[in-house]
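Morning, everyone. I have one structure to walk through, and I'll keep it quick.

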Amino acid sequence: MYLCDQLIKRYRQMPIPVRAAGWFFVCSFLQKAISSITTPIFTRLMSPAEYGQYNVFHSWMGIITIVVSLYLCGGVYVQGLVKYEDVREEYSSALQGLSFLLVLAWTGIYLLFRDFWNALFSLNTVQMLTMLSMIWTSTVFGFWSANERVDLKYRRLVAITVFVLLAKPLIGIYFVLHAQDKVTARIIGTAMVQLFAYSWMFFAQVRRGRKIFVWKYWKHALMFSLPLIPHNFSMIVLNSSDRIMISQMIGDDVAGIYSLAYSISLIMTMFNTALQQTLEPWRYRKQKENRQEDMANMAYSTMILIAVLNLLLIAFAPEIVRIYAPNDYYDAIWVIPPISMSVFFAFMYDFFASFEFYFEKTKYIMVATSVGALLNIVLNYVFIPIYGYYAAGYTTLVCYIVYAVAHYLFMKKICKEYLDNKKVYSVRILCFISMVFMGAGFALLFLYQHFVIRYSLILFFVGVLALRRKKALAYLKKLMRFRTESNC
């Protein structure tokens, strides 16, 4: 009891920004954690083909969302909340109105040519209309949650997030168990939860703002969001094109197996997100103080940490797949290593891209993303017919390596233009960390069928980590100190 009282006391003494940041991170973590926990249930309730169709639906939704919603609830809305702070309620109401009009217009366009769109996306009318409703409710929630974050009001946000995260899988399981078309049933279940949990937010913000059309706000949002379509589209293509192309070129059952491998590998993005949220304010402070060289050691340390975590996932991939899904999905183990390595390079590039964001060189970001997405499509088109869905994991890895290299080169260009050609990171150290990580990852891949040797290596590395635990704990404490300082 004493310990609990002390923890509660410390929690209450925390500054509101730190407390809110912690709860916002918990929400982000729960979204991925519950998705990971429920995956083994749905892989047993749905066949590989059905699981593949469901994941392809979400891949298409990610792409269609860019055009239908323009991501109005993202950066432009947060910027507008600050820019139009004195008329925030009116601004929020107007953007809700613009978002609703966009969804309504695209729904009309879909209904006029629904046979064409259904054939293009390989979806039926119910699925397409449900998708459009999900895009609208997700955008509504995006507006409302951004407003809550700006005001540091985390209690309602956490409560609604937890409700939705629990309701989606529970309703989904019930619908899948009682339906012939399990894919459509799961989609409808998700849409119903979102409509119930989010739609009231639209009416609440419109009622407070009282205006759904204000040309000044609409113009500001459109001028900001339209130029970002290529970047947003490229990011979605980079993350989703492989599953769509596997489904179209080979079949939904194979897409389901690949989707499972992709979902398992992306578990590591939870740690990516946590570390980036911790370090981002600190990095920008170093940029502002013109002390970019201080960023190097922290970058190397966190890259090594992410590399080790991904190696653990790669090492136990056969056992994890057996837990997550029946034997029909077991071939997913061969795709997990390259996708996990992609997660590492996705983490790495952020250290370089922070220079582009700080100096507002967004065109560099767009170029790097577009090159990565285009290369992904070309490589998938060439190699999937030859090597099957296994190729998609390796094309994803190649594209993320190219993506990281492109951002590094743009960072070098910025350093030359604005920082007197300052050398922030050592290419030799970056290459050494990357090569050791990839070498260890592929070594573990080749040992998947040699249980004794693989576990001997795992025990050896665990022993090394145990001997270095004091240094690891000191490093984690240092990270926590950076997080606290950054939020003060």
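This is a predicted model: local features need pLDDT of at least 70, side-chain atom pairs count only at pLDDT 80 or more; totals for chains, interfaces and linings use all residues.

One cut-off before we start: a residue is buried under 20% relative accessible area, exposed over 50%, and partly exposed in between. With that in hand, take L101. Its relative accessible area is 42%, so L101 is partly exposed. L101 sits in helix α5, residues 88–112.

Now the overall picture. The protein has 21 helices and zero strands. Of its 488 residues, 51% are buried. The accessible surface is about 23800 Å², and carbon and sulfur atoms account for 68% of that. Next, contacts. Taking pairs at least 6 apart in sequence, 82% of the contacts join residues at least 24 apart.

The largest nonpolar core holds 118 residues. Which members touch the most others? They are M131, L260, I264, M303, F344, F355 and Y425. Helix α16, residues 336–358, gives the most to this core, with 13 residues. There is also a second, separate core of 17 residues, including L72, Y91, A94 and F143.

Look at M303 in more detail. Leaving out residues up to four places away in sequence, M303 touches F344, F347, M348, F351, L430 and I433.

Buried or exposed? L311 has a relative accessible area of 19%, and the buried class is under 20%, so L311 counts as buried. Again skipping residues up to four places away, L311 touches F437, A440, G441 and L444. Take the pair L311 and F437: 126 residues apart along the chain, with C-alpha atoms separated by 7.5 Å.

Next, backbone geometry. Helix α11, residues 229–249, has a kink of about 55°. The kink is centred on S240. How much of α11 is buried? The count is 15 of its 21 residues, so the helix is largely enclosed by the rest of the structure. Just after α11 comes G251, with a positive phi of about 155°.

Glycine aside, what about phi elsewhere? Most residues other than glycine have a negative phi. Here are two residues that go the other way. L70 is not a glycine, yet its phi is positive, about 60°. R210 is also a residue other than glycine, and its phi is near 70°. Both are in loops. L70 lies between α3 (48–69) and α4 (75–83). R210 lies between α9 (182–209) and α10 (215–225). L70 is at 7% relative accessibility, so it counts as buried. R210 is at 75%, so it counts as exposed.

Last stop, the surface. There is a nonpolar patch formed by M249, I250, L374, V378, Y381, V382, F383, I386 and Y387. Together these residues have about 890 Å² of accessible area. Which helix gives the most to the patch? Helix α17, residues 362–387, with seven residues. With a relative accessible area of 60%, Y381 is exposed.

That's the tour. Questions, please.

Note on methods
Residues are numbered from 1 along each chain as its sequence is written. Side-chain values use heavy atoms; hydrogens and water are left out. A nonpolar core is a set of buried Ala, Val, Leu, Ile, Met, Phe, Trp, Tyr and Cys residues joined through side-chain atoms within 4.5 Å. Buried means under 20% relative accessible area, exposed over 50%, partly exposed in between (1.4 Å probe, protein chains only). Helices (H or I, at least four residues) and strands (E, at least two) are DSSP runs, numbered from the N terminus. Contact means heavy atoms within 4.5 Å. The bend at a residue is the angle between axes fitted to the seven residues ending there and the seven starting there. Patches are made of residues with over 30% relative accessible area and no salt bridge: like charges are joined within 9 Å, nonpolar side chains (Val, Leu, Ile, Met, Phe, Trp, Tyr) within 5 Å. Accessible areas come from the Shrake-Rupley method with a 1.4 Å probe; for residues, only the protein chains shown count as cover. A salt bridge is a side-chain nitrogen of Lys or Arg within 4 Å of a carboxyl oxygen of Asp or Glu.
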